Amino acid sequence: MNKRLFLAACLTPGLFGCSTAPSKGASTATSSSYPNNPAKRQDIVMQAMAMLDRGYTYGGKKLHTGFDCSGLVSFVYKESAGIPLKGSAAQMAEVAKPIEPAQAHPGDLVFFNTLGSAFSHVGIYIGSGKFVHAANERTGVKTERLNHVYWSKRFEGYRTVFA
């Protein structure tokens with residue numbers, strides 16, 4: 001079986017199996033389990049997971065040539081949810097709404113300062129303290145833990161386009 005399909009099949013229940021119906025009196029949009037657009041969020045995470053092990057290319061935005069961090073995010077959001085996110089990581093941070101960690105859900109964006117400037121790296125939060133990103137030429141697209149010493153020191157916050 002294809003590695004990406006296997007990972008997607010294994011992770012789907014863990015990422016989305018716990019999204020229950022809202023409790024009485026709660027609207028779908030304010031549900032703490034999965035707020036607004038759960039189907040698009042799921043599609044974003046699944047598409048991001050399908051990109052694992054793809055190559056890294058500086059400035060890359062296409063499946064067949066590889067991705068950089070913002071190119072990966074742009075591709076995944078457009079292909080899976082029809083959401084146009086363009087530009088650099090910093091430009092994406094400008095259009096996305098900052099959210100508190102407790103408000104972050106799979107499909108939201110995570111930002112880092114990796115080059116000594118604000119919002120110089122972006123990834124897609126997939127839940128359970130993990131994110132998918134286009135790391136570098138050696139490793140390509142991969143998952144990482146937010147609490148890893150390298151990423152936790154550079155973490156700048158969560159942002160969402162679903163607000």
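This is a predicted model: local features need pLDDT of at least 70, side-chain atom pairs count only at pLDDT 80 or more; totals for chains, interfaces and linings use all residues.

Visitor: What makes the pairing of the T160 and D108 side chains a polar contact?

Guide: The distance between them is 2.5 Å, and the cut-off is 3.5 Å, so the pair qualifies as a polar contact. The T160 side chain also has a polar atom 3.0 Å from the backbone nitrogen of F162.

Visitor: How do you know whether T160 is buried or exposed?

Guide: Buried means under 20% relative accessible area. T160 has 6%, so it is buried. T160 sits in strand β8, residues 155-160, and its contacts beyond four places in sequence include R41 and D108.

Visitor: Why is the pair R41 and D108 called a salt bridge?

Guide: The rule asks for a side-chain nitrogen of Lys or Arg within 4 Å of a carboxyl oxygen of Asp or Glu. For R41 and D108, the closest N and O atoms are 3.0 Å apart, so the pair passes. R41 lies in helix α2 and D108 in the loop between β3 and β4, so the bridge ties together parts that are 67 residues apart in sequence. Both R41 and D108 are buried.

Visitor: What makes K142 and E144 a salt bridge?

Guide: Here the N to O distance is 3.3 Å, which is within the 4 Å cut-off, so this pair counts too. A search of the whole structure finds two salt bridges.

Visitor: Why is K142 called partly exposed, and E144 buried?

Guide: Partly exposed covers the range between the 20% limit for buried and the 50% limit for exposed. K142 has 27% relative accessibility, so it is partly exposed. E144 has 14%, so it is buried.

Visitor: How do you know that α3 is largely enclosed by the rest of the structure?

Guide: We look at its residues: 11 of the 13 are buried, so the helix is largely enclosed. Among the buried ones are L72, F75 and Y77. Helix α3 reaches 18 Å from its first C-alpha to its last, close to the 18 Å expected.

Visitor: What makes β6 and β7 a pair?

Guide: Two strands pair if there are at least two bridges between them. β6 and β7 have five bridges, so they pair, and they do so in the antiparallel sense. One example is K130, whose bridge partner in β7 is R145. On β5, Y125 has F131 of β6 as its bridge partner, and three bridges join β5 to β6.

Visitor: Why is β6 called mostly covered?

Guide: Four of its five residues are buried.

Visitor: How do you know that β3 and β7 stand at the edges of the sheet?

Guide: Follow the order of the six strands, β3-β8-β4-β5-β6-β7, which form an open sheet. β3 and β7 each have a single partner strand, so one side of each is left without a neighbour in the sheet. On average, neighbouring strands here are turned by 40° against each other, direction ignored.

Visitor: And which strands does α2 lie across?

Guide: Helix α2 lies across β5, β6, β7 and β8, running at about 115° to β5. Helix α3 packs on the sheet as well, touching β4, β5, β6 and β7.

Conventions. Residues are numbered from 1 along each chain as its sequence is written. Side-chain values use heavy atoms; hydrogens and water are left out. Helices (H or I, at least four residues) and strands (E, at least two) are DSSP runs, numbered from the N terminus. Buried means under 20% relative accessible area, exposed over 50%, partly exposed in between (1.4 Å probe, protein chains only). The expected span of a helix is 1.5 Å times one less than its number of residues. A polar contact is a pair of N or O atoms within 3.5 Å; within protein, one must be able to donate a hydrogen and the other to accept it, and residues adjacent in sequence count only if both atoms are side-chain atoms. Contact means heavy atoms within 4.5 Å. Axes are lines fitted to C-alpha atoms, for helices over the stretch in contact, and angles run from 0 to 180 degrees between N-to-C directions.
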